[in-house]
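The following note sets out numbered points on the model shown below. Please read it alongside the coordinates.

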Amino acid sequence: MSMIKHKKLPKWLPGDPSDKKLLHSMLRVDHAGEYGAVCIYRGQIDAVANSKHCKKIGARLRSMYNQELAHLAYFETLQTQLSFRPTVFLPIWKRIGYFLGYASCVYDYRLGMVVTEAIEFEIVEHYTKQINALKALQTDFINGADITAIANKIDLFRQDEKEHMQIGREYRIDNNIIHNCLFTIIAKLTKIAIKISKKY
Ligand SMILES: [Fe+2]
Ligand SMILES: [Fe+2]
C-alpha cells in the first residue's frame with residue numbers, strides 16, 4: 001500500500017482558462033445585486049410617496065436609488081461587452097426586491113432602513129471579497145475587459161454601498177429586538193441570494 005499522500009489540488013489556479021468563467025460569475029452576481037437594489041429602493045420610494053414620511057426620508061431614498069441606477073448601468077454595459085448571461089432569477093429578484101422595499105417601508109420607514117442597512121452590510125462584504133479576487137487574477141484583460149478598471153469601479157461602488165449602510169444604521173434603534181432580528185434575517189437572505197445568483 002502506497003504511503004504517498006496526494007495533495008488536493010486547488011479548484012482554481014491563477015491564469016487558468018476558467019478566468020473568463022470566474023469573471024462572468026462575478027459580474028452576474030453584481031448585476032443581479034444592483035438590479036435587486038434598484039427594485040428595492042423603487043419599492044421603498046413608492047411606499048413613502050405621498051405619506052407624512054416622504055419629506056423625512058424621500059430625498060435620501062431617491063439619492064440612493066439614483067446611485068443604484070448608475071451601478072446597474074455599469075454592469076449592463078459590461079454585459080453587452082462581455083456577453084455574460086444574467087442570472088435566471090432576475091424576474092424573481094425583481095418581484096421580491098420591489099415587494100421587500102415596499103412592505104418594509106409602508107408601515108414604518110425605519111424598518112425599511114434596517115433592511116437597507118442589512119443588505120448593504122452584506123454587499124460591502126461581498127464587494128470587498130470580490131475586489132481581492134479580481135486583484136488576485138494573473139491576467140490584466142479578459143476578452144478585452146480591463147480587470148484593474150473593473151476592480152477600481154467596484155471599489156467606488158463599495159464606497160457608495162458603505163454610505164447607504166451608514167444611512168440605514170442611523171435609523172436602527174439599539175437593543176430593539178424587532179430591528180435586530182430583521183437585520184439578522186435580511187442579512188442571511190442576502191447572503192443566500194448572492195450564492196444563488198453566482199451559480200445560476
Ligand atoms: Fe449598488
Ligand atoms: Fe446600495
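1. N175 lies in the loop between α5 and α6. Although N175 is not a glycine, its phi is positive, at about 65°.

2. The model is a predicted one: local features need pLDDT of at least 70 and side-chain atom pairs count only at pLDDT 80 or more, while totals for chains, interfaces and linings use all residues. Residues are numbered from 1 along each chain as its sequence is written, and chains are lettered from A and ligands numbered from 1 in the order in which they are written.

3. S83 belongs to the loop between α2 and α3 and counts as exposed because it has 9 C-beta neighbours inside 10 Å.

4. The chain contains six helices and two strands, where helices (H or I, at least four residues) and strands (E, at least two) are DSSP runs numbered from the N terminus. In sequence order the pattern is α-α-α-α-β-β-α-α. The C-alpha trace spans about 70 × 45 × 25 Å along its principal axes.

5. Of the 200 residues in the chain, 32% are buried. Contacts are defined by C-beta atoms, placed from the backbone, that lie within 7 Å of each other. Among contacts between residues at least 6 apart in sequence, 81% join residues at least 24 apart.

6. Which residues have the most contacts inside the largest nonpolar core? They are Y41, V48 and A118, in a core of 39 residues. Such a core is a set of buried Ala, Val, Leu, Ile, Met, Phe, Trp, Tyr and Cys residues joined through C-beta atoms within 7 Å. At least two of the core residues come from each of α1 (19-48), α2 (54-82), α3, α4 (109-136), α5 (147-169) and α6 (177-199). The most is given by α1, with 13 residues. In soluble globular proteins, nonpolar side chains tend to be buried together.

7. V48 is in contact with H53, C54, I57, G58, L61, C105 and Y109, leaving aside neighbours within four places in sequence.

8. Y102 is placed in helix α3 (residues 90-106). Y102 counts as partly exposed because it has 19 C-beta neighbours inside 10 Å. Not counting residues up to four places away in sequence, Y102 touches G43, Q44, D46 and A47. Y102 and G112, 10 residues apart in sequence, are separated by 8.1 Å from C-alpha to C-alpha.

9. The axes of α2 and α5 come within 11 Å and cross at roughly 160°; axes are lines fitted to C-alpha atoms, for helices over the stretch in contact, and angles run from 0 to 180 degrees between N-to-C directions. The two helices, α2 and α5, are therefore roughly antiparallel to each other, the term for angles over 145 degrees. The contact involves R60, M64, Q67, H71 and Y74 of α2 together with K153, F157, D160, H164 and I167 of α5. By class, the residues of this contact are four nonpolar, three polar and three charged; Ala, Val, Leu, Ile, Met, Phe, Trp, Tyr, Cys and Pro count as nonpolar, Asp, Glu, Lys and Arg as charged, and the others, Gly among them, as polar.

Note on methods. Buried ≥ 20, exposed ≤ 12 C-beta atoms within 10 Å, placed from the backbone. Contact = placed C-beta atoms within 7 Å. Parallel < 35°, antiparallel > 145°, perpendicular 65-115°, else oblique.
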